[in-house]
Amino acid sequence: MGQVEIKSRDEIALMRDAGRVVREILDALAEAVAPGVSTHELDRLAEDLIYKKGAKPAFKGYHGFPACLCASINEEVVHGIPSKKRKLAEGDLMKLDFGVSMKGYFGDAAVTVPVGKVSPEAAALLEATRESLHQGILQMVPGKRVGDIGFAVQSYVEARGYSVVRDFVGHGIGKQLHELPQVPNFGQASTGAKLRPGLVLAIEPMVNVGTHKIEVLDDDWTAVTLDRKLSAHFEHTIVVTEEGPEILTKL
Ligand code: MG
């Protein structure tokens with residue numbers, strides 16, 4: 001944490017490398033998602049690929065989190081712990097949240113992946129959440145403010161009858177996984193810290209079909225929707241440039 005840091009050109013080049021590795025691994029994990037696969041197997045694959053690419057896991061050991069991958073299914077919002085017992089089933093909505101550090105810099109991204117054929121309700125939620133992230137990213141231009149991001153995400157989501165999780169927010173990212181500023185997926189336009197070239201943020205809307213309220217299960221990690229209805233999550237690491245947003249976790 002500490003202050004809001006503006007990254008230099010050299011630092012952004014390093015973060016581009018970290019972001020590329022996050023994307024490559026996340027894509028490989030998404031491809032491995034299928035009915036019958038356990039979330040533990042996905043975590044093993046993530047760990048193998050991390051070391052093959054010369055990176056380090058960002059989440060393993062972070063405040064004691066026991067795995068490289070956060071694997072959350074259906075009503076689980078985020079921070080699901082991979083398990084040998086938890087096997088994916090046709091129709092599940094699988095959230096993969098994943099980060100690495102490389103050469104001292106972090107990258108962080110998340111995707112929601114349909115397991116086989118999902119319900120129209122699940123597919124619509126997935127698409128709306130993906131698009132809400134895009135709407136947030138479009139705000140990442142010099143002169144706008146952090147509140148513009150949250151406002152854009154929230155407006156998009158709520159206009160479609162969904163709700164935005166309040167208890168988890170996006171964040172600055174760089175030499176640490178979580179830096180200032182916090183980036184809520186809700187809020188007022190034209191408020192909060194000003195966006196300047198070199199500011200790197202992880203924007204990560206979590207969108208629920210029902211209530212925005214969540215609770216954390218007895219494992220002290222897994223966050224689930226209070227009404228146990230579906231949730232979806234997308235995240236990118238993005239840098240503000242003079243020319244607009246550059247997504248670092250995109251190939
Ligand atoms: Mg994040």
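This report looks at a metal site, a strand pair and a helix in a predicted model.

## The magnesium site

Four residues supply the protein donors of the magnesium ion: D108 (OD), H171 (NE2), E204 (OE) and E235 (OE). Their donor atoms lie 2.1 to 2.3 Å from the ion. Along the sequence, the spacing of these residues reads D-x62-H-x32-E-x30-E. E204 sits in the loop between strand 9 (200–203) and strand 10 (206–208), and E235 in the loop between strand 13 (231–233) and strand 14 (236–241), so the pair ties together parts that are 31 residues apart in sequence.

Are these two glutamates buried or exposed? E204 has a relative accessible area of 6%. E235 has a relative accessibility of 1%. Buried means under 20%, so E204 is buried and E235 is buried too.

## Helix 2

Helix 2 covers residues 39–52, which makes 14 residues. From first C-alpha to last, helix 2 reaches 20 Å. That is close to the 20 Å expected at 1.5 Å a residue. After helix 2 comes G54, with a positive phi near 75°.

Which residues of helix 2 are buried? They are T39, L42, D43, A46, E47, L49 and I50. Their cover includes helix 1 (9–32), strand 1 (56–57), strand 2 (69–73) and strand 4 (93–102).

Note on methods: Residues are numbered from 1 along each chain as its sequence is written. This is a predicted model: local features need pLDDT of at least 70, side-chain atom pairs count only at pLDDT 80 or more; totals for chains, interfaces and linings use all residues. Side-chain values use heavy atoms; hydrogens and water are left out. Donors are N, O and S atoms within 2.8 Å of the metal (3.2 Å for Na, K and Ca); water is not among the atoms, so sites may look incomplete. Helices (H or I, at least four residues) and strands (E, at least two) are DSSP runs, numbered from the N terminus. Buried means under 20% relative accessible area, exposed over 50%, partly exposed in between (1.4 Å probe, protein chains only). The expected span of a helix is 1.5 Å times one less than its number of residues. Contact means heavy atoms within 4.5 Å.
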